[in-house]
Structures are given as structure tokens and as C-alpha cells.
Amino acid sequence: MYLTLLNGTGFVFNVDDYMELRSKYRIMGAPVGTANTKGWSPNQSTLPVELSKFETQLLLDENIAKLVDKSMDLKAKPTAEKVEKCKADFESRLLGQEEALKTEKLRETERYIDKILTGKRKKLLKQRKNETAAALTAKDVLLEMSANFRFDRQNALLEVPCEHPTDHSAQIVTNPIVSTNSLKYRVFKELWKRGKYVTSGDAFGADFLVYPGDPMIYHASHIVIVHETPVIKPLELIAKVRLSVIVNKSCIFAYKMENDEEIHYETVAWCNPGK
């Protein structure tokens, strides 16, 4: 599996790759693409999927995927042969749209052929063309429809392919995306190895969100705050715990002790003394 390097992190353009990452490896990412027929919406996004830097680094460390840089090839000036091929492919796609629209128009005409045929015969009778009206058949109507069909290319749909439509070269990226020794990355990786679904917690003022299952089905159960030391200011502690209560989640602080590389986790709950 290959991830494409963009804006300093990995992107997934293949739908099968993304479904494998999501269902098999619990990697969520964030769809950032726009649907073909609709404007961009955060609730209706599609491929490509942008992975967080932690997700990208995890996939590299676990040898699940390779990160590639395609910028050199895709930014290079195309040859005359490539330009002509691109124009031919574009023309082919337009012709495909034209044929599909024409077929749909004929199918729609066939669906209401009786009403259309009756209307045309009445019009011919008003024009005193009795013989033409009597001879008119459904086949004649369909042939007329097919002959008069015109496809306005200004109304053609713009195709947004998930993957690049042509073959191209790329360079394998070997440099790490994030420091594998950073505490945040270690926390992310450790929680993932425990079988959790882990996503960014920015929307909740946290470092990570932890889910008991696929986020499409489950709400997050915990927010995770990463601290370099076990020392935290009282007001910050109160703010984070109260926030977790408001969003109905448990609050976990992840930290390490001085001269101790082991990660410690502590869950803090808000208690009401009056109850």
C-alpha cells in the first residue's frame, strides 16, 4: 500500500486501500475531497483521505504502507505526446457523458411514449395531416428524439478521479514524519496497539480521542491529554476534567516520570460532593 506525501503527511487516494486501513488497521484519517455533484461539505466529504502525521508514521513503523513523493513527476512539464493523450482521454470522457445522457433521454421518452405519441398525433390532426398522424409510430418518435438530441458541453460534469488516471513515477520517502521518540507519538502508538480507535482530539481541546469501536458507529469514550511531566496546574486540571464532563467522556492524562521512559495513564473523574 502506498501513501502520497502532501503537505507533510500521507494521503490515501484509493478507496480499497482506505477501507482496508479503516476496517483492518483502525486508521480513520479525514476525508477532504469534494463529491462530484455537490459542493464541499464537512459532512459529505470523499476521497482523498488525509492522515494525521501520527497515523502516517505509525503505518510506516508497522510496515503497513510506504510513503511516496510524486511531486517531481506530476509537476514536470508534460511532453507533446502526453498532452495529446490527455486531450484524447478528455474527449473520450465527454463522448461517454453524451452517450449516457442520450440513452437516459431515450429511456425517459420510452417511459411516456403513449402520452407523447397521442400528443403528436393530435397536433398533426389540427394541422390537417391525417395520413401522417395515422402513420406515426413509437419508433418514429424515438428516431426523431435521437436525431434532435444535442449535448451542450458547457453543462458537462467535471470528473474528479480518486486516483491519478495515468501511470507515473514516485520516490520512496525514508525520513520520519514525526519524531518516534516524542511522547505524543508514543501515546498514540501505544493506545493503537491496545486495539483502540484513536483520532485527533483538537475539537475537544485534547490531544486524542479514544473510541471503543469505529467512530461511524460509536461516540468517543475518552479524551486523552498528553503531559511531559506528572505536574499540572490546578486550573488546567479543572478545565480539562470539566470539559470531559460536558462532552460526556472520561478524561485521561498520559505522562512520564522523570528518568522513567514508561508512559503512565491516569483517569480523572469529576465528583459532586453534594450527591
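1. A residue is called buried here when its relative accessible area is under 20%, and in that sense Phe-54, Glu-55, Thr-56, Gln-57, Leu-58, Leu-59 and Leu-60 of helix H2 are buried. The model under discussion is a predicted one, and the remarks below should be read with that in mind. Helix H2, which spans residues 53-61, is mostly covered, with seven of its nine residues buried. Just after H2, Asn-63 takes a positive phi of about 55 degrees.

2. On the overall form, the protein contains nine helices and 11 strands. Its radius of gyration is 30 Å, whereas the globule rule gives 19 Å for 275 residues, a value that the model exceeds well, so the protein is more spread out than a compact globule. Taken along the principal axes, the box filled by the C-alpha atoms is roughly 100 × 60 × 30 Å.

3. As to covering and surface, 29% of the 275 residues of the protein count as buried, and the accessible surface comes to about 18,500 Å², with 53% of that area belonging to carbon and sulfur atoms. Among the contacts between residues at least 6 apart in sequence, 59% join residues at least 24 apart.

4. Gln-97 deserves a separate comment, and its place is in helix H4, which covers residues 80-111. With a relative accessible area of 17%, Gln-97 is buried, because the cut-off for that class is under 20%. Once its neighbours within four places in sequence are left aside, Gln-97 is in contact with Phe-151, Ala-156, Leu-157 and Glu-159.

5. Two residues other than glycine with positive phi may be taken together. Arg-128 has phi near 60 degrees and is placed in the loop between helix H5 (113-126) and helix H6 (130-135); its relative accessibility of 76% makes it count as exposed. Asn-248, likewise not a glycine, has a positive phi of about 60 degrees and lies in the loop between helix H9 (234-246) and strand S10 (250-256), where, at 68% relative accessibility, Asn-248 counts as exposed. Both assignments follow because exposed means over 50% relative accessible area.

6. Turning to the annotated region, UniProt lists residues 183-265 under "domain: tRNA intron endonuclease catalytic", and the entry in question is unreviewed. In the model, this span is 29% helix and 29% strand, and its end C-alpha atoms lie 12 Å apart.

7. Helix H8 is made up of residues 183-193, and its buried residues are Leu-183, Tyr-185, Val-187, Phe-188, Leu-191 and Trp-192. Just after H8, Gly-195 takes a positive phi of about 90 degrees.

Notes. Residues numbered from 1 in each chain as written. Predicted model: local features only at pLDDT ≥ 70, side-chain atom pairs only at ≥ 80, totals over all residues. Heavy atoms only, no water. Buried < 20%, exposed > 50% of the residue type's maximum accessible area, 1.4 Å probe, protein only. Helix = DSSP H or I, 4+ residues; strand = E, 2+ residues; numbered from the N terminus. UniProt positions renumbered as here; feature names shortened; annotations may be inferred. Rg over C-alpha atoms; globule rule 2.2 N^0.38 Å. Contact = heavy atoms within 4.5 Å. Areas by Shrake-Rupley, 256 points an atom, 1.4 Å probe, with all protein chains shown as cover.
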